[in-house]
Amino acid sequence: MPGTPIAPHAAALAAQTLYLECASGISGDMVVAALLDLGADEKAMRSALASLPLDGYDIRVTRAKANGIDCCDFDVVLDAAHENHDHDMAYLYGDLDGAHEHDHAHEHGHGEHHHEDAHHHDHAHHHHEHRTLADVLRVVDAGSLTPGARAMAHRVFQILAAAEAKAHGVPADQVHFHEVGAVDSIVDVVAAAVCLDSLGVTDVVVSPLPEGHGRVRTQHGVLPVPVPAVVNIAAACNLTLEPRDVEGELVTPTGAAIAAAVRTADALPAAYAVRSVGYGCGKRAYEPRSMVRAMLLEAHDAAPAGAGALVKLETEVDDCTGEALGNALAMLFSAGAREAHYVPIYMKKNRPAYQVEVLCTQDLVPAMERILFEQTTTIGVRRHLVERTALPRRMAEVQTPLGPARVKVVTLPSGAERAYPEHDSVVALAAAAGVPYQEAYRAVLVAAQAGA
């Protein structure tokens, strides 16, 4: 599609990479605060939250100091019926071996939220809703969210449901969310999804997540740190946890799920310029105080434009199921593979088998090989350095009658451009509009051709 015009604002934003630096932990509200400080659309966030069928809370966006740094503080202020002691250190860590049982909800978070009159009312009469995954998704779907924000919120809660299901040994659709089904956690996830969508980034790098040790009081009782949900998310989504000599919980399930859902790569660009930066602080009394730093980076080529070397990994397996290989491919892409696929072949003695091939940058070879060894039955992986010629490309947004969608725009040697609908964006658009995939795909293609 030569000469396809793209909205300048969308094209400029899409060319940037978001880096979430979580040097002292991560939680839902810390991510939201950092994105708002970075320049996310606060008005769009408030409008989306106001459209949800939720009550019992208010939103405050203020400034606070964390370790001498001026930070944004995103606070979900709960009423008496929904308060949950998320920032109450005595509740979270006090008398963990005592016989007194607490029945308050807890988001497992050090982000977390203030409440009104926390210590001057009768907790025994409070009712905390325990929502299923379907209940939570109905709340999300009832709100006025863009297809991209809705899809991201769905992804976060699906990751949380899978982690809780594994922890409790029940199917994901039967999990009753306690902490993460609470009002403040739903607000955190939706706010993060809307903020990320408003920034228009397509590449997100998440740093390793530092975690403390010890025990913490939760709705499920006293649990070890990291709590089971965080461990399960890290295992399923290949997140890297780094132990810290801190007694307490630095990574919340909501924070870990957001990191897993938004991350597209583990490594920063080889060279980059910082275009903007934002800081979001937590609320628990840790020392140093927790905060997330968000940076918008513009990647600079370390090699001539359009050229570069990649590593090709390949292996053959004749005793691995298609389901296992499909899971391995998903993990490879999540960990930053440029390409990954498998094809049927015949090996010696005419045995049917699959050849698995992966393209990645040199720095990701150890991570890719680990996935291949752990997730398939291979016992050996070959490596080849390959040269490539790549056309310049960028992501952009087009407007269709069904809503906005993303396209990949490539520039040919002649200078002409071609735009290709992005699969995930088409899926989200089709789901939001309630139309078949092919109809949504054609709408995006027509919009791209028309330069809408």
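The legends below describe several close-up views of one predicted protein model.

Residues are numbered from 1 along each chain as its sequence is written. Because the model is predicted, local features are given only where pLDDT is at least 70 and side-chain atom pairs only at pLDDT 80 or more, while totals for chains, interfaces and linings use all residues, and side-chain values use heavy atoms, with hydrogens and water left out.

**View 1. The whole protein and its confidence.**
The protein has 13 helices and 19 strands, where helices (H or I, at least four residues) and strands (E, at least two) are DSSP runs numbered from the N terminus. Of the 452 residues, 51% are buried, a word that stands for under 20% relative accessible area, with exposed meaning over 50% and partly exposed lying in between (1.4 Å probe, protein chains only). The accessible surface comes to about 20,000 Å², and 54% of it belongs to carbon and sulfur atoms; such areas come from the Shrake-Rupley method with a 1.4 Å probe, and for residues only the protein chains shown count as cover. If one takes the contacts (heavy atoms within 4.5 Å) between residues at least 6 apart in sequence, 71% of them join residues at least 24 apart. The average pLDDT, which is the predictor's confidence in each residue from 0 to 100, is 81, and 80% of the residues score at least 70.

Among the elements of the protein, helix α1 (residues 8-14) has the lowest mean pLDDT, 35, whereas helix α3 (residues 42-50) has the highest, 97. The pLDDT is below 50 over residues 1-15, a stretch with 32 contacts in the model beyond near neighbours in sequence. Over residues 87-94 the pLDDT also stays under 50, and here the model has 31 contacts beyond four places in sequence. Where pLDDT is low, the predicted coordinates should not be read in detail.

**View 2. Helix α12 against helix α13.**
The axes of helix α12 (residues 423-433) and helix α13 (residues 437-450) come within 9 Å and cross at roughly 115°, where axes are lines fitted to C-alpha atoms, for helices over the stretch in contact, and angles run from 0 to 180 degrees between N-to-C directions. This crossing of α12 and α13 is right-handed; a crossing is left-handed if the near helix is turned anticlockwise from the far one by less than a right angle, and right-handed if clockwise. From α12, the residues H423, V426, V427, L429 and A430 make the contact, and they meet Y437, A440, Y441 and V444 of α13. By class, eight of the residues in this contact are nonpolar, one is polar and none is charged; Ala, Val, Leu, Ile, Met, Phe, Trp, Tyr, Cys and Pro count as nonpolar, Asp, Glu, Lys and Arg as charged, and the others, Gly among them, as polar. The buried residues of α12 are S425, V426, A428, L429 and A430, and they pack against α6, β17 (393-400), β18 (403-411), β19 (417-421) and α13. After α12 comes G434, whose phi is positive, near 70°.

**View 3. Helix α6 against helix α8.**
Helix α6 (residues 147-168) and helix α8 (residues 228-237) pack at an angle of about 115°, with their axes 8 Å apart, and α6 passes α8 in a right-handed crossing. On the α6 side the contact is made by I159, L160, A163, E164, K166 and A167, and on the α8 side by P228, A229, N232, I233 and C237. This contact has eight nonpolar, one polar and two charged residues.

**View 4. D141 and R150.**
D141 lies in helix α5 (residues 133-142) and is partly exposed, with a relative accessible area of 38%. Not counting residues up to four places away in sequence, D141 touches R150 and H154. R150 belongs to helix α6 and counts as buried, because its relative accessibility is 15%.

**View 5. Backbone geometry in two loops.**
Most residues other than glycine have a negative phi, and most peptide bonds are trans. The peptide bond from V225 to P226 is cis, with omega near 0°, and P226 lies in the loop between β9 (221-224) and α8. K349, which is not a glycine, has a positive phi of about 60° and is found in the loop between β14 (339-346) and β15 (352-360). N350, in the loop between β14 and β15, has a positive phi of about 60° although it is not a glycine. K349 is exposed, with a relative accessible area of 77%, and N350 counts as exposed at 58% relative accessibility.
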